[in-house]
Amino acid sequence: MKTTTKKIDDGIQISVEGRIDTTNYNEFEKAVYKVLKENTQQIYLDCSGLSYISSSGLRVFLTVQKKMTATGGKFKLFTMQPAIKEIFDISGFSSIFSIYPDLETAKKGK
Amino acid sequence: METSEKMHKKLVIKNKISEMERVIAFLEQMEKKWNLPAALIPSINLVLEEALTNVIFYAYEEDTENEIEVDFELKDKQLILVITDSGKPFDPTKKSEPDINLSAEDRPIGGLGIFLIKQVMDEVSYQRNGKFNQLTMLKNWQ
């Protein structure tokens with residue numbers, strides 16, 4: 001798993017590549033928490049390279065969503081692979097996250 | 001009697017999280033050997049991870065080394081996974097299901113693993129056999 005972070009015009013974009021599972025979810029957590037500390041209003045998560053996620057990864061997503069919602073910020077996910085979207089669907093996560101086809105639409109989304 | 005060796009494979013792992021790497025490698029081998037549908041592999045990977053991490057984290061006393069057995073069985077277009085451990089009795093199928101209609105604020109962190117297994121697999125059952133927990137999970141495909 002690899003994450004890269006960059007500032008974009010109205011927030012911070014994180015790109016995640018590879019697998020988020022029980023063996024490495026804490027690395028992902030660390031990377032995202034670092035971004036949370038910057039108190040940005042919008043976090044964009046590029047999921048195009050995310051190939052696998054288990055419940056330990058989903059837990060991190062949910063925690064970030066809770067934290068962002070609590071501070072009035074937005075956590076936007078975009079370009080999710082169908083297999084990952086399916087996991088989000090069956091766990092009920094699709095309805096609690098804003099998932100967009102690409103960065104453009106994520107920026108326009110509320 | 002012809003025992004179909006090729007239709008039954010066993011993997012034995014230790015109750016350590018680093019063993020998940022071996023499980024994934026084994027699953028990839030099974031995919032090739034048994035010609036399993038590629039689309040099935042990520043969900044089987046997920047199910048194995050959820051079920052095994054549960055056992056690894058909760059079944060045994062801390063700092064004790066134990067073995068966990070994972071049996072793969074292929075019958076026509078049905079894959080049967082059986083996980084056997086000698087940890088404390090625990091029936092994961094009895095765990096209450098998360099309410100997936102809750103908002104992010106109300107949604108508790110955790111409790112998803114077993115639920116995902118039940119969603120992905122067609123049948124999940126638990127048995128306590130003597131000092132063993134046995135979780136049997138079936139997946140059918142077309």
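Let's start with confidence in chain B of this predicted model. Among its helices and strands, the score is lowest in helix 3, residues 113-120, with a mean of 95. The highest value belongs to strand 5 of chain B, at 98. And what about residues 1-5 of chain B? There the pLDDT is below 50, and beyond near neighbours in sequence this stretch has zero contacts in the model. Taken over the chain, the average pLDDT is 93, and 96% of the residues in chain B score at least 70. For the model itself, the scores are ipTM 0.91 and pTM 0.92.

Now, please find the sheet in chain B. How many strands form it, and in what order? There are five, arranged 1-2-3-5-4, in an open sheet with antiparallel pairing. At the edges you'll see strand 1, residues 8-14, and strand 4, residues 123-129, of chain B. Each of those two pairs on one side only. On average, neighbouring strands in this sheet are turned by 15 degrees against each other, if we ignore direction.

Let's zoom in on one pairing. Strand 3 of chain B covers residues 78-85, and strand 5 of chain B covers residues 132-140. The two run antiparallel and are joined by eight bridges.

How values were computed. Residues numbered from 1 in each chain as written. Chains lettered and ligands numbered in written order. Predicted model: local features only at pLDDT ≥ 70, side-chain atom pairs only at ≥ 80, totals over all residues. Pairing = 2+ DSSP bridges. Helix = DSSP H or I, 4+ residues; strand = E, 2+ residues; numbered from the N terminus. Axes fitted to C-alpha atoms, helices over the stretch in contact; angles between N-to-C directions. pLDDT = per-residue confidence, 0-100. Contact = placed C-beta atoms within 7 Å.
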